[in-house]
Amino acid sequence: MAGGATAITTAGGKDPHATSQRPRVGLRVAREFRLFRSPWTLTAALVALLVSIPALVILANLFSNPGENWEHIREHTLPGYLKNTAILVGISGSLSLLIGVPAAWLVSTCEFPGRKFFSWALVLPLALPTYVAAYAYGDILNSTIPIQILVRDKWGSDAFLMSQTILRYGIVSLILASVLYPYVYLSSRAAFSFQASASIEASRTLGHGMTSTFWRVALPMARPAIVAGLSLVIMEIINDYGAVSFFGIPTISVGIFRTWLAMGDPGAAVRISAGVMVLVLVLLLGERLHRGRRDFVVGGQKANHRAQRKSLSKATATGALLFCLLPFATGFLIPAGRLLVWAFQSYAKVLTPKFWELLSKTMAIAGTGTVTVLFGALLLAYAGRVSPTRLVSPLARMATLGYAVPGAVIALGILLPFGWLDRNPVAAVQNHFGWDRELFFSGTLVALGCAYLVRFLAVAYHPLKSGMERMCGNLDSASRVLGRSPLATLFRINLPLLRGSISAAAILVFVDVLKELPLTLILRPFNFETLATKAYSLASEGKLPECSVPSLLIVAAGIIGLLPLNRLMEGPTRSR
């Protein structure tokens, strides 16, 4: 009977599974769209859409009319912006790898004097924004004037100009690498610390030393994590505006500012921003394709079962200590020390009633931005638990892409739709009621708050999501089985359990908002200053001692946000 049915089906030229596959596909698609009726799925979609509007607006303008200056920019200035950015990315990225990966390997697998101190101290340079480190080293070019004069007298003016360029690029690259290498260090240290101890110890049993084990076993296993850390370094270099503008190197971010504000051509600035968006998306896609299905931590054993640290000889231990001391000194100790000295010299001039007003405004905008970002991240993370469909995960990834986009690009993406709202519906309402026509969205704190939400949503989303997975488990499902609504479960179960994750996310977002420079420079209201913009304006005027006080406050906030990372990275280990 079955054979006859098969024969008839084969004779008719039809696949017996074909008719059953179409309904399954149709049911699957219908099920996904039917789940949009869930208010939590709709919430996730709404948050993702609102946060993605700036990026979508920028990408939509990629093929629009760029403005009358575009041809001149494309032929004469844009290649220079790209070349300068590529040079800094190449040099600083390479230096970050050469510092971060060996330092992570030494701290994770070797025992030497000062290892415990450097395990967390090597993260501290991340507390210094790149522009603050640039201000601390701002007068370093002046100390090279005798060398430049010697070059000019011996080899002529052309060699003098070339030496100036080489010194400027070299100094900026060193500053960026000394501040940003902790991204590579943290990701590499996580991989080295939690790698399967059996792999490391098997390599040693087979006669391989530490160097051979590093190159043959540990480094290939940690490659996805290292690439992820390097990607963060590259995106930070592309995003940087304060350091490169202070040293006079026109990169992509500086080019967006110049094209828009100096040349008065927002169309061309949008075209450049769209190109940067495409570049960042390609970078993220390349990192994801390189990682594939591999995880950052390779194991299969218990997380606290790590390879034993090897005790180094006296000479080797001294070399390891000096190797770890150098980036810590150049990335944190020296710039923070110089800022402290300047602060003692100038605090009487800076600590005026206007400064305390500036500080209160900064705390208020940072606190408001933190609450806004936490609210959006909590909605998005909880929606993924309540309605875990195939649509929510892509929506969450799309919503958290803002952290990878340069601040100047996000600022343009915010101003374009807000400017349209001010020119059309808002202006129509104001004209109808006879109100004075003023900016309601663009150029106000509303635009600045929305920009912070777009930029830093990922900073809060990932800690909250991982906290829910780790702390809540199936408790929220059990609560719903017992008759509680999702909203009641959120307030009664999730929020009390997530106090630690919420606090950590709040600290990270607060620090990031506090030190954000390009977004605040572009979107701040008229005569509105924060600590970051005040430090930038004082440094631009050549008042380096005066800019130290607001810079130190930013650094102090950054340290408070970074110290908890050591608890996550450190764990039970043994040494021999």
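Author: Let's start with what a pair is: two rings of Phe, Tyr or Trp (for Trp, its six-membered ring) pair if their centres lie within 6.5 Å. By that rule, this predicted model holds 13 aromatic pairs. Take Y241 and Y536: their ring centres sit 5.9 Å from each other, with 40° between the planes, and that makes the pair tilted. Y241 belongs to the loop between helix 10 (210-239) and helix 11 (242-246), while Y536 is part of helix 24 (residues 531-540), so the pair links parts of the chain that are 295 residues apart. Both tyrosines are buried, too.

F117, F118, W120, F328 and F332 are linked by ring pairs into a cluster.

Now stay around helix 11 for a moment. In the loop between helix 11 and helix 12 (252-262) you'll find P250. Leaving out residues up to four places away in sequence, P250 touches G80, Y81, N84 and R258. The C-alpha atoms of P250 and K83 are 9.5 Å apart, although 167 residues separate the two along the chain.

The protein has 26 helices and two strands, and 48% of its 576 residues count as buried.

Helix 3 (residues 39-60) has 22 residues and spans 29 Å from first C-alpha to last, close to the 32 Å expected at 1.5 Å a residue. Helix 3 also bends by about 45° at I53, and a proline, P54, follows within four residues. Among the buried residues of helix 3 are W40, T41, A44, A45, V47, A48, V51 and P54.

Last, a look at links of another kind. A disulfide is a covalent bond between the sulfur atoms of two cysteines. A search of the whole structure finds zero of these disulfides. As for individual cysteines, C547 is buried at 0% relative accessibility, whereas C450 is partly exposed, with a relative accessible area of 28%.

Key: Residues are numbered from 1 along each chain as its sequence is written. This is a predicted model: local features need pLDDT of at least 70, side-chain atom pairs count only at pLDDT 80 or more; totals for chains, interfaces and linings use all residues. Side-chain values use heavy atoms; hydrogens and water are left out. A disulfide is a pair of cysteine sulfur atoms within 2.5 Å. Buried means under 20% relative accessible area, exposed over 50%, partly exposed in between (1.4 Å probe, protein chains only). The expected span of a helix is 1.5 Å times one less than its number of residues. The bend at a residue is the angle between axes fitted to the seven residues ending there and the seven starting there. Rings of Phe, Tyr and Trp (its six-membered ring) pair if their centres lie within 6.5 Å; planes under 30 degrees apart count as stacked, over 60 as edge-to-face and the rest as tilted. Contact means heavy atoms within 4.5 Å.
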